[in-house]
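Work through the exercises below with the sequence and the model at hand. Each task is followed by a stepwise solution.

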2 protein chains.
Amino acid sequence: MAWFGRKKQDDDVVEEEIIEEPRLPEPPAADAQGLRSVADHTAYLLELVEPLKPFGMSLLEAWDQVMCEDIDSMINVPPASTAKVAGYAVRASDLLDDEGHLAPPLAIVDADVDHLPADAAVVVGAGDVLPRGANAVLPSSFAAVEENHVRLIEKVSAGEYLRAAGEHLRQGTRLLSEGDVLGERAIGLLASAGVDKVLVRPRPRVVVVSSGEHLVEPGAEIRHGDVADTNSFMIAAAARAIGATVFRVAVHSNDPDAIREAITDQLIRADLVISTTGGRREDYETVASVMRDLGLVDSVDVLMTPGRTQTFGLIGDERVPMLMLPGNPVSAYVSFHAFARPLIRRLMGARTEHRAVRAIASGTLRSLRGQMHLLRGRVWSEGSVRHVEQVSAPHALTELARSNALIVLDDGIETVRPGEAVKVWLIEEE
Amino acid sequence: MAWFGRKKQDDDVVEEEIIEEPRLPEPPAADAQGLRSVADHTAYLLELVEPLKPFGMSLLEAWDQVMCEDIDSMINVPPASTAKVAGYAVRASDLLDDEGHLAPPLAIVDADVDHLPADAAVVVGAGDVLPRGANAVLPSSFAAVEENHVRLIEKVSAGEYLRAAGEHLRQGTRLLSEGDVLGERAIGLLASAGVDKVLVRPRPRVVVVSSGEHLVEPGAEIRHGDVADTNSFMIAAAARAIGATVFRVAVHSNDPDAIREAITDQLIRADLVISTTGGRREDYETVASVMRDLGLVDSVDVLMTPGRTQTFGLIGDERVPMLMLPGNPVSAYVSFHAFARPLIRRLMGARTEHRAVRAIASGTLRSLRGQMHLLRGRVWSEGSVRHVEQVSAPHALTELARSNALIVLDDGIETVRPGEAVKVWLIEEE
């Protein structure tokens, strides 16, 4: 991409206007050590990514996706007013004369009348739909039939002895709002209200690109210095778990051309590219240099442990968002939850906040002040109270596999004592 | 299906053997009113259904499915022992002579030696893989090189200055067990341990067959007495949410031949058939009679509110399980959670228990003694404590849509007072 200056003529002054290379918007200010807070970094990334364009889908196709319109009921439930008892559909105001006495007999008209005429009645059975204009049912015992007329014995008031149209759900009632997720019960609600199509944002397409020359596919022979590619599998599954459509591509080299080609080949079907590596310094640097070739990049150290090193870019002509995760598996996983999850949910148009709850710490938890420290934890319930314990194991992936939550020690926290409540992000159903 | 008696010859006695029609196994005993407990009914249904046959899948394909083998690590992590410092890979027992003094100099041999010979050493840098046979690293400063030999200055013991193979994860360590769900972190763990394929049970294929002559598709005109088909959409989405592959088929008639044909057409791709109807008595009776035509059927009233009427069968030549849900949307939904969910999880080979937790009731909850009463509820957390409130609304689907839990009042419970803990089944992520 070449960027040219061009001449601009302003009166007699000819000045050269420097057109700067495009850049990302100004990132948030860092602290004295050049570090950025997690909150600032998250907000910055979310600002750089737009929700996907919505489209109309049938109800079942749209399952688990995020509404991007408000939906009102198309119909009344029940759809029409019906008689609760056998008798006569009437207009209550016809039942009394001007002096408040029972009115003279009402003419019985056909049940298939379009609209109830004045001073008339329609014979109805329990459950029958009332003609328009009728607003009450006169039970059979409240009247007597005489020569095709109904002689009144007792009056009823408007609304009596009927089940009104819209009594359960009135046409126009707000059912779901933009941003709501279309779960099974919401689908039932919409179907019951006569809605068959909704405007939702599609599932984001996430391409996980794995690179690093010492990575081998799981199952392949592991030679000296090699390591089985782990992060790309774990991250691909994690992206799928939060609702993305995921493609995994493995380069397993540090050849910049091969990595560049793998990424650019995928851009056509990527709403987000996530890079995972084998964790060596050169893996990370190669991907970072490819990202800089392909677009606008922000590399920063954030005040988070693990997962300090964060690189994000908008790459290719379409400025597709790309996130490079750290190479260490725990750092990669924690960074995924801290940053990739909100980005994917932003693409979906869903709430980007974490599933944060509080739980009682079962042991002492320690952090470094001034960092957001994310420990691996296991949450369980005793009675109505949530508890959490820190999980640790010599093998990083064993540690993760035994966890169902990340314990979030915010930057002001140094120590949490047993019995104190602590914030956790739930990363698995309990 | 015709069942013939056949002649059986036994010595001189010719006796007619009566071959009985096949039947379902004896159902559990009912109470004095002929009602079956929810626990008994659930256990009975689960006994009639087998987990699906497993097959091998690649890791990402198998995401969110249930393992049906134990998996041990294929490799050591790290895969080989490596030096922590620069120095000499040695066998610790070579460093001392019989009297416990430092041994004579060790011969330096090539780094690519297959197995470390006796009284030899290999020059290693930090991070280098040790040759087989070496069990310690002698740091450079503990020795001096003399004429292609290493003269010992200080000894080391076995295991010193090295990172041992399998230190993080030893080959053969149990990673996952049968019945575990293959989530993202479990996938990471398996990949890290060199596992690329696993034996899982496939997603059950659930066919939802909707019937009832007064049902119309959502979006279609609703004439007098018609109602938009709701249950089949809600139940199809609910089955999908718990991991099934779902097909929805709508008959929208009460013609037994049409319903029979719709069901038998689907049996080839069904691991479970679920019937939903429009809620009229005749809808239910038509499906029940079709089920009896097609196979072996158990119809029973269970001690549950809502969802008292339950019909289950094994139908067609392959004895495919089929569950008929009640027609009322709330009864259908509650019955789905009570009975269809465990059945689907049984097919998956997953744990069939509900996601039961306890929550503090915010208001008074009332039940009928002797019934399992399932109320619609909304669970939320304050600090580390879960709370729940009953949800009610005039429109059944609005009520469901606002709920995220079912409050389970077991048969011994009549009243739960505000502040008391009550059991809930979580039906949505918090």
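**Salt bridges**

The side chains of A:E221 and A:R223 form a salt bridge, with an N to O distance of 3.8 Å. Both residues are exposed. The model is a predicted one.

**Exercise 1.** Determine whether B:R376 and B:E399 are buried or exposed, and which elements they link.

Step 1. The side chains of B:R376 and B:E399 meet in a salt bridge, 2.7 Å from N to O.
Step 2. Buried means under 20% relative accessible area; both B:R376 and B:E399 are buried.

**Exercise 2.** Find the strands that pair with β28(B), and the sense of each pairing.

Step 1. β27 (residues 372–382) of chain B runs antiparallel to β28(B), joined by six bridges. In this pairing B:S381 is opposite B:R386.
Step 2. Two residues separate β27(B) and β28(B) in a hairpin, and B:G383 in the turn has a positive phi of about 60 degrees.
Step 3. Strand β25 (residues 356–361) of chain B pairs with β28 (residues 385–390) of chain B in the parallel sense, over two bridges. Here B:A361 stands opposite B:V388.

**Exercise 3.** Why do the buried residues of α4(B) line one face of the helix?

Step 1. In α4 (residues 256–266) of chain B, the buried residues include B:I259, B:A262, B:I263 and B:Q266.
Step 2. Viewed down the axis of α4(B), its buried residues fall within an arc of 90 degrees, so they line one face.
Step 3. Among the elements covering them are β16 (205–211) and α5 (281–294) of chain B.

Technical notes:
Residues numbered from 1 in each chain as written. Chains lettered and ligands numbered in written order. Predicted model: local features only at pLDDT ≥ 70, side-chain atom pairs only at ≥ 80, totals over all residues. Heavy atoms only, no water. Pairing = 2+ DSSP bridges. Helix = DSSP H or I, 4+ residues; strand = E, 2+ residues; numbered from the N terminus. Buried < 20%, exposed > 50% of the residue type's maximum accessible area, 1.4 Å probe, protein only. Arc of directions from axis to C-beta. Contact = heavy atoms within 4.5 Å. Salt bridge = Lys/Arg side-chain N within 4 Å of Asp/Glu carboxyl O.
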